Amino acid sequence: MEALVLTGIKSLELKEIAQPEIKPDEVKIHTAFAGICGTDHALYAGLPGSAPAVPPIVLGHENSGVVVEVGSEVTNVKVGDRVAVDPNIYCGQCKYCRTGRPELCEHLSAIGVTRDGGFEDYFTAPASVVYPIPDNVSLKAAALVEPISCAVHGIQLLKVSPYQKALVIGDGFMGQLFVQILQAYGIHEVDLAGIVDEKLAMAKDKFGAKRTFNTMAGDKIPDSEYDVVIEAVGSPKTQEAAIEAAARGGQVLMFGVGGPDDTFEMNTYEVFQKQLTIQGSFINPNAFEDSLALLASGKVDVEPLISHELDYATVEDFLNGKLGVVSKAVVKVGGEEA
């Protein structure tokens, strides 16, 4: 079968490799679509994702496909099922797993990071992380359940109520997801700050954002106005802006992934005086079922956000920035007919 293999820093090679064999508790999946996200950019550049990736490795941790083989111990899926796959595999034995915080697992492994992922025709996964998808959800949309679930996990770490006003900072793919998911969780007003007029317009016209701010064009985010602020960029400037935008008693979710050495400044008196909660968010434990339900209900719509459908040959061009502005890219492997 064909596989796009990360062989070194900024080096991907298309290779013919043998199909993987399954263990008794695993399934083999014919890949339909595999999403590409910032983690893949980092791994391609030699930086860690949720865990370090050691070449040679097949990337692709946002995956959908069709089950073609099941192990002798598998009971939750069967051959022919259309599925989405949670890439994160927890040990179940460390103190974090045993105290209900598996995302902090000391022995975390991940499909497409520490074991071969979806940039190949067939991949394997433990049955415990494989989820059948509803009939009304396409395989293309299902490939993006993983990023939806990361956003859902972040919101689940907060206390959200309908009366609240929320601001999302960042008009990229994740920011657009947060605009939709915050409303699905009942928040009555969600605003979006970003830098691209077309993306801001989509958030307002299609996804229900009430107000938008183009900070590149000079729009000013209101100070001390928002009960919930989602920082979905990961830059010191936007992290500082998130603190400033939070109202008294506000909650700030630091979701955007900054550089390993990045820092930002904040006024510690402001944190005290406003009684702020500043919350980090890492990966996506126990969020796949909710994410699939959001897709099936139509409360979250990802397909309008997919700007590029790639094949193996164009993945490296995308990772090298040769394709211009990309909202969200997916690799079509087997496609809807997988």
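Student: In which helix do Y269 and F272 lie?

Tutor: In this predicted model, both residues belong to helix α8, where they are three residues apart, about one turn of the helix.

Student: How is the geometry of the aromatic pair Y269 and F272 to be described?

Tutor: In general, planes under 30 degrees apart count as stacked and those over 60 as edge-to-face, with the rest called tilted. Here the angle between the planes is 55°, so the pair of Y269 and F272 is tilted. Centre to centre, the distance is 5.5 Å.

Student: Are Y269 and F272 buried or exposed?

Tutor: The cut-off for exposed is over 50% relative accessible area. Y269 counts as exposed because its relative accessibility is 53%, and F272 counts as exposed because its value is 60%.

Student: What kind of pair do the rings of F178 and F255 form?

Tutor: Their planes stand at 80°, so this pair is edge-to-face, with the ring centres 4.9 Å apart. The pair links distant parts of the chain: F178 is in helix α5, while F255 is in the loop between β15 and α8, 77 residues apart. Both F178 and F255 are buried.

Student: How many aromatic pairs does the count come to?

Tutor: The count comes to three aromatic pairs, among them the F178 and F255 pair.

Key. Residues are numbered from 1 along each chain as its sequence is written. This is a predicted model: local features need pLDDT of at least 70, side-chain atom pairs count only at pLDDT 80 or more; totals for chains, interfaces and linings use all residues. Side-chain values use heavy atoms; hydrogens and water are left out. Rings of Phe, Tyr and Trp (its six-membered ring) pair if their centres lie within 6.5 Å; planes under 30 degrees apart count as stacked, over 60 as edge-to-face and the rest as tilted. Helices (H or I, at least four residues) and strands (E, at least two) are DSSP runs, numbered from the N terminus. Buried means under 20% relative accessible area, exposed over 50%, partly exposed in between (1.4 Å probe, protein chains only).
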